[in-house]
Amino acid sequence: MRVLILASDALARAGLTALLSLQTNLQISGQAAPPEDLASTVAVFRPDVLLWDVGWNVEQALSTLSAVAETSPPIVALVSNDEMLAALWATGVQGVLSRSLSAQQIAAALVAAANGLRVSDAPVVARAPLASPAESESGLEPLTE
């Protein structure tokens, strides 16, 4: 599976690339700073999933994510703080993960997101659940016997 790593910080991009390049089920297709025109970056690298290190400036990422989440490949966001977790989910990303996860955990989340699942780790879910109870009940049907 092809992964594009996005982060404003060059050191974060290099670190994530080094960490995830050891995962046999992932191929790092490229790394870039979050661009103004994500569509052209995606066209160049042709990823199956995006790993976006939001870093400490969640506000800056929110507007870009909101604009591109519906038209890009699935996006998994890495967060370093609790600010605006609910707003980050509302942008339409497939996943929100803590930056403290292992390479194996991040790889598993990327595979799940590429297959259409919403992903998160327990600390993030505890701080900002995926959906409110009203949202989670809408659109779901009861299980059959």
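Modeller: In this predicted model, the largest pocket has a volume of about 180 Å³. A pocket here is an open set of points on a 1 Å grid over the protein atoms alone, where a 1.4 Å probe fits and protein lies on both sides within 12 Å along at least five of seven lines; its volume is the space filled by probe spheres set on the points, which are joined across faces, edges and corners. Eleven residues line this pocket, and those closest to its centre are Ser8, Pro34, Gln60, Ala61 and Thr64; a lining residue has an atom within 4 Å of a point. Two elements, β3 and α3, each give two or more residues to the lining.

A word on the ground rules: residues are numbered from 1 along each chain as its sequence is written, and side-chain values use heavy atoms, with hydrogens and water left out. Local features need a pLDDT of at least 70 and side-chain atom pairs count only at 80 or more, while totals for chains, interfaces and linings use all residues.

The strand to follow is β3. It belongs to an open sheet of six strands, in the order β2-β1-β3-β4-β5-β6, with parallel pairing; two strands pair if DSSP finds at least two bridges between them. The edges of the sheet are β2 (27-32) and β6 (119-120), each of which pairs on one side only. On one side of β3, five bridges link it in parallel to β1, and there Ile5 stands opposite Leu51. With β4, β3 again runs parallel, joined by five bridges, and the bridge partner of Leu50 is Ile75 in β4.

Is β3 buried or exposed? Seven of its seven residues are buried, so the strand is largely enclosed by the rest of the structure; buried means under 20% relative accessible area, exposed over 50% and partly exposed in between, with a 1.4 Å probe and protein chains only. In a regular strand the side chains alternate between the two faces of the sheet. In β3 both faces are covered: Val49, Leu51, Asp53 and Gly55 are buried on one side, and Leu50, Trp52 and Val54 on the other. Helix α5 (residues 103-114) lies across β1, β3, β4, β5 (95-98) and β6, at about 125 degrees to β3; axes are lines fitted to C-alpha atoms, for helices over the stretch in contact, and angles run from 0 to 180 degrees between N-to-C directions.

Trp52 deserves a separate look. Together with Val54, Ile75 and Leu88, Trp52 touches the most other members of the largest nonpolar core, which has 22 residues; such a core is a set of buried Ala, Val, Leu, Ile, Met, Phe, Trp, Tyr and Cys residues joined through side-chain atoms within 4.5 Å. Two or more residues each come from β1 (2-7), α2 (38-45), β3 (49-55), α3 (58-68), β4 (75-79) and α4 (85-90), and α3 gives the most, with five. If neighbours within four places in sequence are left aside, the contacts of Trp52, meaning heavy atoms within 4.5 Å, include Leu6, Pro34, Ala61, Thr64 and Ile75. A second, separate core of 19 residues includes Leu26, Val76, Ile106 and Ala107.

Two loop residues complete the picture around β3. Arg46, in the loop between α2 and β3, has a positive phi of about 45 degrees although it is not a glycine, and with a relative accessible area of 57% Arg46 is exposed. Ser72, in the loop between α3 and β4, is by contrast buried at 17%, and Ser72 touches Leu38 and Leu50, not counting residues up to four places away in sequence.

Methods: Helices (H or I, at least four residues) and strands (E, at least two) are DSSP runs, numbered from the N terminus.
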